[in-house]
Amino acid sequence: MKIAVCVKQVPSSEARVQLAADGKSVALADAEMVVNPYDEFAVEEALRIKEARGGGEVIVVSVGPESAQAEVRKCLAMGADRGIVVQDPALLGGDGLSTARILAAVLAELQPDLVLCGKLTIDVESDLVAVGLAELLGLPHAALVTHIEWTGERTLRARREIEGGREVVELGLPALISVEKGINEPRYASLKGIMAAKRKPIEVARPDLPAERVGPGAAGVRVVAVAPPPERTGGRKFAGEAEVIVSQVVELLRSEAKVL
Amino acid sequence: MVTNFDLTEEQQAVRDTVRRFARERIAPIAAERDRTGEFPRETIQELAEMGILGIGFPEEDGGSGGDTLSYILAVEELSRVDGSHGITLAAHCSLGVWPIHAFGTPEQKARYMPKLCSGEYLSSFGLTEPDAGSDAGGTRTTAVLDGDEWVLNGAKQFITNASYSGVLVITAKTERTASGSRGISAFLVETDAPGFELGKKEDKLGLRASDTRALSFQDCRIPKDALLGELHRGFPLFMKTLDGGRISIAALALGIGQSALDAAVPYSMQRRQFGQPICEFEMIQSHLAEMQTEITAARHLTYHAARLKDAGRRHTLESAMAKYYAATVTMKATTLAIQILGGYGYTKDYPVERYFRDAKLCEIGEGTSEIQKIVIARELVKLYA
Ligand SMILES: Cc1cc2nc3c(=O)[nH]c(=O)nc-3n(C[C@H](O)[C@H](O)[C@H](O)COP(=O)(O)OP(=O)(O)OC[C@H]3O[C@@H](n4cnc5c(N)ncnc54)[C@H](O)[C@@H]3O)c2cc1C
């Protein structure tokens, strides 16, 4: 079975990011870059499927700057077999749909049996790419999946977390699944994996896509402003008898904070 | 850590993986294990599964590959979160596995290396004795050949990992009449050998979750082929072992020193006194500047020593300098970190008092700072001879 996993390089959630001078983007400067955590769940799931079947191929596909090869290499160190990157600056900088179009061009050629994606990327959080990609490839898809159960060689049941409950859907391959936290606990790369990753191939793909379809010019969504969250104001301390304080706090939660 | 140390992609990958593991898996248990002194078996097992217990040893020998610098980065990153994990790895790889890898016969290597590198069991190095500390050549433990077996008698002191070891590298006098450091040999002792006994578990100031024990041999019988290296040539064997081991103690120090900075800088930015963050007071700035500069300098010395070892060059002087300097500046950095946190730094609500206690070992283990200076000065005199 050929499994393609889409991964993105993102700044670590602990990285200190700052607003760029244009007011529309963030300056990453020396921020520590990582594999998008949800994509890491997808890589782990792909590896587990391959291991359970005793064979197959896991291919990591990434769209991003040249430096994103480092994140692809991390996935290879976890155990993926090879990588494909798209790093042509002319294609980058579009919106989620643009990224989906680039990935679709790569995957249309690759013809995987299963495509795994993270449910979103923690940098932009547009939640667009996985669904867009499934649509463009004409694949059945399940989003926010926390468990995959194989019911046959090419059929599976996917458990989805939905508001207030769970949904179980059945899919036949080829299919696309976007995964949610909780599906697994990603492994740490082993030393042997790190050594082996050096020798695994990363191919640079150059899909031929017209400028009106991808990149900044083709973006259907334009970011007009980015702002930091409002600064946290200091807390308030209450002193005195517990009974008195509790009723004071409850009252304020109702009247001031309006959360009750 | 802003300075670029020209690490290879592979070295960076090792550092990043161990850093992440330490943050996610070890950080949550470090303070508690310091309190209880319980050995962190589970996380050491997880490190074994990642191949970290075989780091720096070739795959043909059952190791996981990687060079000395990658190993040093692993010790540093573990120690940045918990020194007990750092010394456990350092003692295992540098003192237990390395002499077997470097001096073992093909049979000895085949027997032990795969088990040691996969973490089936740990290993220890038994050099120090109650009456032979800095004067390691003063070994009193004896080994006498009786037919097909060596018979060991004596005691060892402060042996790291001993409770969890399957095999120990130990030194014993084989030539009773030889004076000084001559007539010592090294042996491989399996921990189920008759007459081998674990002694008292030390209740230590720091590195409390690491395992440090006394050992004794009472007519302990081991096979004739348990001799490691050449007969009567044990002293040069363990001096070479310590040349490598000292780089790992420097890395232990670096990790602890870095953690002191990691705690002190953000605290000084957020703590306000006299209407301003304390990091704006010149005297606090002076502390921080010294810590950062000295730890960076120690890192250069340490990585340089590791690179020399990787290149197969002599590194006796460089590893002694790295160990001496890293230990000194880390002791100072952890002291200053407490100073910067004031009264809070003196309590167990913050981790810097643990760093301070852990740091002290770096000035003692694998040769005290005084002994390092002796080594450095002797090497220096050779350079000018
Ligand atoms: C936590 C821990 C783990 C350890 N792990 C191991 C291990 O795995 N294997 C092992 O073999 N050992 C181990 N050791 C032992 C360690 O290497 C010794 O403690 C160290 O070498 C010092 O020996 P000593 O304690 O007998 O001190 P001593 O040698 O008695 O030294 C006491 C003081 O005298 C000074 N001194 C001694 N000689 C001189 C001199 N010639 N000139 C100037 N000053 C001198 C010393 O610097 C020191 O300040 C460990 C120790 C500790 C605390």
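Q: Taking a disulfide as a pair of cysteine sulfur atoms within 2.5 Å, how many disulfides are there over all chains?
A: The count comes to 0 disulfides over all chains. Keep in mind that this is a predicted model.

Q: Changing topic: how many salt bridges over all chains?
A: The total over all chains is 45 salt bridges. Side chains of opposite charge can pair when their charged atoms come close.

Q: Let's take A:Glu57. Which residue does the side chain of A:Glu57 meet in a salt bridge?
A: The partner is A:Arg82, with 2.7 Å from N to O.

Q: How accessible is A:Glu57?
A: A:Glu57 has a relative accessible area of 24%, which makes it partly exposed.

Q: What about chain B? Which residue pairs with B:Lys109 in a salt bridge?
A: B:Asp61 does, at 3.8 Å from N to O. B:Lys109 sits in helix α5 (residues 106-117) of chain B, while B:Asp61 is in the loop between α2 (41-49) and α3 (68-81) of chain B, so the pair joins parts that are 48 residues apart in sequence. B:Lys109 is partly exposed, with 21% relative accessibility.

Q: And B:Glu363, what does its side chain pair with?
A: B:Lys360, in a salt bridge of 2.6 Å from N to O. B:Glu363 counts as buried at 17% relative accessibility, whereas B:Lys360 counts as partly exposed at 33%.

Q: Which residues are linked in a network of salt bridges?
A: One such network in chain A links A:Glu44, A:Arg48, A:Glu51 and A:Arg187.

Q: On to the ligand. Which residues come nearest?
A: B:Thr128, B:Ser134, B:Phe158, B:Thr160 and B:Thr368 come nearest, out of 17 residues around the ligand.

Q: What does B:Thr160 do there, in terms of atoms?
A: A polar side-chain atom of B:Thr160 is 2.7 Å from a nitrogen atom of the ligand. B:Glu366 places a backbone N or O atom 3.4 Å from an oxygen atom of the ligand. B:Thr368 has a polar side-chain atom 2.7 Å from an oxygen atom of the ligand.

Q: How much of the ligand does the protein bury?
A: The protein buries 64% of the 970 Å² that the ligand exposes when taken alone.

Q: Which elements give two or more residues to the shell?
A: Those are β3 (149-160) and α10 (369-384) of chain B. β3(B) gives the most, with 3 residues.

Q: How do the shell residues divide by type?
A: They divide into 7 nonpolar, 7 polar and 3 charged residues.

Q: Now the backbone. Where is there a cis peptide bond?
A: The peptide bond from A:Leu173 to A:Pro174 is cis, with omega near -5°. A:Pro174 is in the loop between β11 (165-172) and β12 (175-179) of chain A. For context, most residues other than glycine have a negative phi, and most peptide bonds are trans.

Q: What is the phi of A:Gln111?
A: About 55°, which is positive, and A:Gln111 is not a glycine. A:Gln111 is in the loop between α3 (96-110) and β8 (114-118) of chain A, and it is exposed, with 58% relative accessibility.

Q: And in chain B, what is phi for B:Phe274?
A: Phi of B:Phe274 is positive, near 50°. B:Phe274 is in the loop between β9 (272-273) and β10 (276-277) of chain B. At 76% relative accessibility, B:Phe274 is exposed.

Q: Last one: what is the secondary structure of chain A?
A: Chain A has 6 helices and 13 strands. Its C-alpha atoms fill a box of roughly 65 × 45 × 40 Å along the principal axes. Chain A has 260 residues, of which 40% count as buried.

Conventions:
Residues are numbered from 1 along each chain as its sequence is written. Chains are lettered from A and ligands numbered from 1 in the order in which they are written. This is a predicted model: local features need pLDDT of at least 70, side-chain atom pairs count only at pLDDT 80 or more; totals for chains, interfaces and linings use all residues. Side-chain values use heavy atoms; hydrogens and water are left out. A salt bridge is a side-chain nitrogen of Lys or Arg within 4 Å of a carboxyl oxygen of Asp or Glu. Buried means under 20% relative accessible area, exposed over 50%, partly exposed in between (1.4 Å probe, protein chains only). Helices (H or I, at least four residues) and strands (E, at least two) are DSSP runs, numbered from the N terminus. A residue is near a molecule or strand if one of its heavy atoms lies within 4 Å of it. A polar contact is a pair of N or O atoms within 3.5 Å; within protein, one must be able to donate a hydrogen and the other to accept it, and residues adjacent in sequence count only if both atoms are side-chain atoms. Accessible areas come from the Shrake-Rupley method with a 1.4 Å probe; for residues, only the protein chains shown count as cover. Ala, Val, Leu, Ile, Met, Phe, Trp, Tyr, Cys and Pro count as nonpolar, Asp, Glu, Lys and Arg as charged, and the others, Gly among them, as polar. A disulfide is a pair of cysteine sulfur atoms within 2.5 Å.
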